Amino acid sequence: MAKKSKKSAEKYYESLFGDATVENLKESIRHHLLTVQGRDPDRAGPGDMYRALAQTMRDLLVEKWIATQKEYYDKHQKRVYYLSLEFLVGRSLGNSAINLGLLDKVSQAVHELGYKLEDIRDNEEDAALGNGGLGRLASCFLDSIATLKIPAYGYGIRYEYGLFYQKLIDGHQVESPDNWMRGGCPWEFKRSNYLFPVHFGGRVHTYQDVDGRYRCKWVETDDVMAMACDMMIPGFNNDHVINMRLWTARASRELDLAFFNEGNYLGAVQGKVASETISKVLYPADNNPRGQELRFKQQYFFVAATFQDILRRYKNKHDTFNLLPDKVAVQLNDTHPAIAIPELMRLLVDEEGLTWEKAWDLSSRTFAYTNHTLMPEALETWPVALVGRILPRHLEIIYEINQRFLTMVAEQYPGDVGKLEELSIIDEGHGKRVRMAHLAIVGSHSVNGVAELHTHLLKTRIFTTFHELYPGKFNNKTNGITQRRWLLKCNPDLSELISGAIGHGWVTDLDQLRGLELSVGKKAFRKKWQEVKRQNKIELAALILKHNGIEVNVDSMFDVQVKRIHEYKRQLLNCLHTISLYLRIVEDPDSVQVARTKIFSGKAAPSYHQAKLIIKLINSVADVVNNDPRVGDRLKVAFIPNYNVSRAEVIIPGSDLSEQISTAGTEASGTGNMKFALNGALTIGTLDGANIEIREEVGRDNIYIFGMTAEEVEFEKKHNSRSPQQICDENHHVGAIMESLNSGLFSNGDRGYFQNITGSLLDQHDPYLLLADIESYLACQDEVERDYLDTDIWTRKCIYNVARMGKFSSDRTITQYAREIWGLDV
């Protein structure tokens, strides 16, 4: 037995450091089943196989990661640190196998062991480390960073529970814990040797040092330990692997022995439980003081641990901080990590003894800030009292930054008190709050928007005076998506068809998709394209049947809107169109020429009652429509519960029409619009976010645009040229929709059930202007219907969309960040 075990071990380690053959992969899987899981390989189930295969992939990744790290050190390269409160990773198995170039070998290996790779992959939980577009963008960026061989790290929090698991009960969203870690995470390495203290509370002690300088020391704090957990992110087929370092909270003391010895066993562990709450849940509800405090603590927790790690790495090679901005670039993904600015100042001034002026010069050349919102109410602020209680030294530093900044403003705008109030980091008019976006702008050398319209509006509407004050600081970096996950992985049949036509170069150079235009005129190619789409729709129909119990017609138009539920994203407008279709079919079945399946998915924040009511309305409309025999297969409605990355990977390839219908001037960019277009769905949308740039790329004839522009929206809000009631009175289709809502048709006769929705629609000050845009939207939907009737025209438009999506690769976005913000030669 001993000889056999030794031989097995030799084969196992050979598989790590030699070429990964099918036999080596099989041997490694058996090794992990036997020695890591303690399972008999002959009796293992799909879940066991998943963990063993994941650990096999992880072994291959960590070898390449070590080599990558050595290269960073040997070449003394500048490092990029991407700080994000979210990383919506999704599942890692398929992505890792593809990027390592091992998908076929892995598939063959598990087949020879008696399993199907698809069944094994279904045992992986989506990593609930993010919620929406912000987190998914961060994950796409890490994929591109690794593929482009940029020396970088992602930093965030290892949430034990995600936002929530969404169930639909009687049409209502019901939240339950998203315990994605219940079976452990085979992809992570827990680094107990990287354990850093994070301080909260306490007080500031001031003193004079031996040189007579005024100094501050943060003392008498409550401490929590941050432990590093690493997940490997492979580049595509390039042996370059970076790590996403996530922090998990650990108590500074596991047990209070005094309480324990007194018999107070709950009290003995109370401190541990309270400390470790910090990394338990993504986005704790902030509609109460305790939730606000926890969310603020989360932000500082991961920032404080990250900067101890960054400076540890920097100080290993440098004796002074003079080269900090030349060796370190920190990108703040939205304002959540903005507390990093006073934290770095505290470290440099209080801990390292630099002068304020020197520290500020180094700090401000190190940070860059990405803004992700156009709505002033969504710009993050924190009560001064909360900041002072949790981080007393940081509040002092923020006030010092603000005082010096306002002195500069006063010199630029002498006697203009209004400018001081507008630009101040401290908002004095709302109970004194720290404006985190202002802090990020003042403390960074670069501020970027994420779409051309977004950046334009930041300069001209949201931060006009900052733009005047800092000419050149604001710049645009239009978002992108990684084609490795959002085409190669999620749509393998279409990927194969594309590669057969133009080769495989598009996987790392998306501009090569332009070559598809040569195939648009080929009838055989269009036919294959249609066959791929139909097969994808069959898979999506199976998903709907599984989760909704609804059989849908795969030959109907799959009209899809999947994203976070929010009033500005206007799922309600889509629902109103659904009601219009239903009423038309009931009144005159021949008036609707194209059968449709309306597909919705997305989560509403637990305390966002209006958004949750919209979910209920969609499901109530679905109940009526799907059970009306007069409708049949002409119209079906499905709200797929618990939207996540793995479900998106089925929904997006099977979609015909992509709904990107936010009120113009509200969506910063959007990346769902890019994913749908890259997979051959046509867009119906407003001139908002990246829709504008998509139209520029794909051509006006290959996208369906409706509604007001951002400028027209602002005019309408001020002048209200037509009231919502007037629109209802003048347009009988719109009036019929509103009447159906008021009549109780979708609420079992309860006329008042959806009155909050009808009230918001008829409100003359509706900020999202649904009824002001509805006539244009309904007319545009009619145009979509006419084009869909001609399969040949529709297919040509789809191919042109895919062929012209080269701009929207995250590889292009990251190349721009690297060259224009981080100072790297890529």
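## Chatting through a predicted model

Me: Let's start with Phe141: buried or exposed?
Reply: Phe141 counts as buried, because its relative accessibility is 1%. Buried means under 20% relative accessible area, exposed means over 50%, and partly exposed is in between, using a 1.4 Å probe and protein chains only.

Me: What kind of pair do Tyr81 and Tyr155 make?
Reply: The pair is tilted, because the planes of Tyr81 and Tyr155 are at 40°, with ring centres 6.0 Å apart. Tyr81 sits in strand β1 (residues 79–83) and Tyr155 in strand β2 (residues 152–157), so the pair ties together parts that are 74 residues apart in sequence. Strands (E, at least two residues) and helices (H or I, at least four) are DSSP runs, numbered from the N terminus. Tyr81 and Tyr155 are both buried.

Me: And which kind of pair is Tyr82 with Phe141?
Reply: Tyr82 and Phe141 are edge-to-face, with 5.9 Å from centre to centre and 80° between the planes. Tyr82 is in strand β1 and Phe141 in helix α7 (residues 133–147), so this pair ties together parts 59 residues apart in sequence. Tyr82 counts as buried, at 1% relative accessibility.

Me: Which residues form an aromatic cluster?
Reply: One cluster is formed by Tyr72, Tyr81, Tyr153, Tyr155, Phe196 and Trp247.

Me: New topic. Where is His372?
Reply: His372 is in the loop between β11 (367–370) and β12 (381–383). At 17% relative accessibility, His372 counts as buried.

Me: What does His372 touch?
Reply: Leaving out residues up to four places away in sequence, His372 touches Leu134, Leu137, Asn333, Asp334, Val450, His454 and Ala668. Contact here means heavy atoms within 4.5 Å. Ala668 is 296 residues from His372 in sequence, yet their C-alpha atoms are 5.8 Å apart in space.

Me: How about helices: at what angle do α22 and α33 pack?
Reply: Helix α22 (residues 523–548) and helix α33 (residues 791–803) pack at about 85°, and their axes are 10 Å apart. That makes α22 roughly perpendicular to α33. Angles under 35 degrees count as roughly parallel, over 145 as roughly antiparallel, 65 to 115 as roughly perpendicular and the rest as oblique. Axes are lines fitted to C-alpha atoms, for helices over the stretch in contact, and angles run from 0 to 180 degrees between N-to-C directions.

Me: Which residues meet there?
Reply: From α22, Phe525, Arg526, Trp529 and Gln530 meet Thr791, Asp792, Thr795, Arg796, Cys798, Ile799 and Val802 in α33.

Me: Last one: which residues of α30 are buried?
Reply: In helix α30 (residues 732–742), the buried residues are Val734, Gly735, Ile737, Met738, Ser740 and Leu741. They pack against α23 (571–587), α24 (609–626), α29 (724–730), α31 (755–762) and α32 (770–789). Just after α30, Gly744 takes a positive phi of about 90°.

Conventions:
Residues numbered from 1 in each chain as written. Predicted model: local features only at pLDDT ≥ 70, side-chain atom pairs only at ≥ 80, totals over all residues. Heavy atoms only, no water. Phe/Tyr/Trp six-rings, centres within 6.5 Å; stacked < 30°, edge-to-face > 60°.
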